[in-house]
Amino acid sequence: MATKKKSTGKTKASSTKAALTKASGAKVSGKVAPATGKLGVMIVGLGAVATTMIAGVEAVRRGLAKPIGSLTQMGTIRLGKRTDNKSPLIRDFVPLADLNDVVFTGWDIFKDTVYESAAHAKVLDEKTLEKLKPYLEKIKPMPAVFDQYYVKRLHGTHVKKGKNKRDLADQVIADIRNFKKTVDRVVMIWAGSTEIFLEPTAVHQTIEAFEKGLETDDIGIAPSQIYAYAALSEGVPFANGAPNLTVDIPALIELSKRNAAPICGKDFKTGQTFMKTVLAPAFKARMIGVSGWFSTNILGNRDGEVLDDPQSFKTKEESKLGSLEYIFQPELYPDLYKDLYHKIRINYYPPRGDDKEAWDNIDIFGWLGYPMQVKVNFLCRDSILAAPIALDLVLFLDLAKRTPELRSKGIQEWLSFYLKSPQTAAGLYPEHDLFIQSMKLKNTLRHIMGADLITHLGLEYYD
Ligand SMILES: NC(=O)c1ccc[n+]([C@@H]2O[C@H](COP(=O)([O-])OP(=O)(O)OC[C@H]3O[C@@H](n4cnc5c(N)ncnc54)[C@H](O)[C@@H]3O)[C@@H](O)[C@H]2O)c1
């Protein structure tokens with residue numbers, strides 16, 4: 001077994017940055033604090049996605065595999081003009097935590113270790129898991145905050161008991177404080193199941209109302225919100241991989257700002273919606289009309305089982321439906337998109353396990369209204385697509401926390417790139433187009449490092 005390498009990321013990042021500054025003349029602000037020491041990652045829900053991320057990070061650390069799909073690990077960023085030929089790795093340009101400095105812990109409603117849970121999820125093959133077993137079986141979940149009212153299909157056995165929701169939040173805060181003693185910084189991510197559909201009520205409007213609701217066990221406060229409240233109270237950034245309401249409420253947005261604990265949108269953008277936010281902008285850019293978009297999926301993992309419950313499906317459906325409406329802007333283009341019929345189905349089909357299959361039938365029309373069709377059949381692996389997204393969100397939220405200009409803004413819209421439901425300031429429509437999201441993300445990195453933004457204007461090449 002290979003021994004863990006000592007972290008070299010920080011030194012490499014800072015020396016590369018110095019070299020870049022010298023060579024390109026870009027102003028490096030120096031305002032982003034370095035990623036010194038250990039980054040603790042607290043994961044709510046050690047299921048398929050979480051265990052695939054943890055096992056993957058360990059496999060990468062040992063040189064057994066490559067972090068494919070992770071922008072923070074493999075992506076580059078262009079600096080300066082196209083003729084400058086400067087495209088460093090993102091992780092050499094901004095001070096991200098080195099994978100060797102990442103430490104995992106988490107909660108689950110079942111007692112299984114990360115090894116047992118990964119074996120149950122059957123995303124990674126037995127050979128890979130066996131190699132990682134000594135590491136994975138050491139990560140044991142802490143008892144969870146859980147209530148079956150919010151996830152009908154699960155019966156949790158490893159759960160915290162408390163006199164009310166306030167007491168449960170305090171227990172999560174105690175877990176965070178204990179973990180903080182062993183690491184230098186902490187980020188929390190929800191990779192737990194999809195909860196039932198909840199709409200904001202009075203209890204979600206202010207921090208005071210929310211805290212009162214914790215005392216009185218308000219039914220509007222779901223377990224995911226108890227974890228999020230605990231994280232944000234402790235100044236810990238929080239990401240949400242599921243479509244749950246969670247931090248999408250004024251009370252927790254306010255708490256995020258007050259405690260400089262960054263948050264972002266929700267629901268990992270992995271399979272079908274990822275494809276939608278690539279294809280829809282292409283149709284729109286060419287002024288191609290769309291009259292119908294039917295999307296269906298078969299999925300057989302525990303996530304699929306939870307989504308088989310109509311109330312959890314409703315939460316997912318809302319999250320998946322939003323993208324087309326915003327991308328097509330039917331109010332601006334009534335001739336092209338006013339009558340679009342958008343339908344989404346998810347069917348639980350156990351034989352496929354984590355290997356989801358998605359079909360899209362897209363009815364489009366072109367010149368003079370003549371109809372055409374596009375069919376997409378995506379045979380994907382759900383957690384293989386989600387794991388690098390979870391990792392990137394954790395690393396970028398940690399970066400945001402160390403960036404004075406970002407950390408007190410609350411919502412990090414530049415992370416919309418990863419999420420089916422981007423979160424925005426009140427009154428602002430979310431940007432779903434994957435390529436606009438990608439530009440926004442990279443320009444944010446350039447901005448915080450004092451490098452010139454890239455506008456793609458390019459007239460200077462013709463002077
Ligand atoms: N895999 C993807 O492509 C993808 C994409 C978008 C969103 N998601 C969402 O990510 C989440 C995780 O997906 P998954 O495939 O890993 O599901 P999973 O069912 O394998 O894992 C979820 C885990 O969360 C645990 N859990 C549920 N409620 C909990 C609570 N209150 N506290 C602690 N643990 C709790 C469950 O016991 C389970 O182990 C789901 O909500 C899913 O909808 C996944």
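Predicted model: local features only at pLDDT ≥ 70, side-chain atom pairs only at ≥ 80, totals over all residues.
Local features were taken where pLDDT is at least 70 and side-chain atom pairs only at pLDDT 80 or more, whereas totals for chains, interfaces and linings use all residues. Residues are numbered from 1 along each chain as its sequence is written.

The protein is assigned domain 1 (9-268 + 383-448) and domain 2 (272-379), with bounds that come from an automatic or database domain assignment. The C-alpha centres of the two domains are 26 Å apart. Across the boundary, 27 residues of domain 1 are in contact with 26 residues of domain 2, where contact requires C-beta atoms, placed from the backbone, within 7 Å. On the side of domain 1 that touches domain 2, S6, strand S11 (419-421) and helix H17 (434-448) are the elements that give two or more residues. Helices (H or I, at least four residues) and strands (E, at least two) are DSSP runs numbered from the N terminus. This side of domain 1 comprises 12 nonpolar, seven polar and eight charged residues. In these classes, Ala, Val, Leu, Ile, Met, Phe, Trp, Tyr, Cys and Pro count as nonpolar, Asp, Glu, Lys and Arg as charged, and the others, Gly among them, as polar.

Two packed helices are described by the angle between their axes and the distance between the axes. Axes are lines fitted to C-alpha atoms, for helices over the stretch in contact, and angles run from 0 to 180 degrees between N-to-C directions. H2 also packs with helix H5 (residues 114-121), at an angle of about 115 degrees and with the axes 9 Å apart. The crossing of H2 and H5 is left-handed, a term for a near helix turned anticlockwise from the far one by less than a right angle, with clockwise counting as right-handed. Ala-48, Thr-51, Ile-54 and Ala-55 of H2 meet Val-114, Ser-117, Ala-118 and Ala-121 of H5.

Helix H8 (residues 207-215) and helix H10 (residues 250-258) have axes that come within 8 Å and cross at roughly 110 degrees. H8 and H10 are therefore roughly perpendicular; angles of 65 to 115 degrees fall in that class, those under 35 count as roughly parallel, those over 145 as roughly antiparallel, and the rest as oblique. The crossing of H8 and H10 is left-handed. Ile-207, Ala-209 and Phe-210 of H8 make the contact with Ala-251, Glu-254 and Leu-255 of H10. Five of these residues are nonpolar, none is polar and one is charged.

Helix H7 (residues 165-180) packs against helix H9 (residues 223-233) at about 50 degrees, with axes 9 Å apart. The two helices are therefore oblique to each other, and their crossing is right-handed. The contact includes Leu-168, Val-172 and Ile-176 of H7, and Ile-226, Tyr-229 and Ser-233 of H9. By class, the contact of H7 with H9 has 10 nonpolar, one polar and one charged residues.

How values were computed. Contact = placed C-beta atoms within 7 Å.
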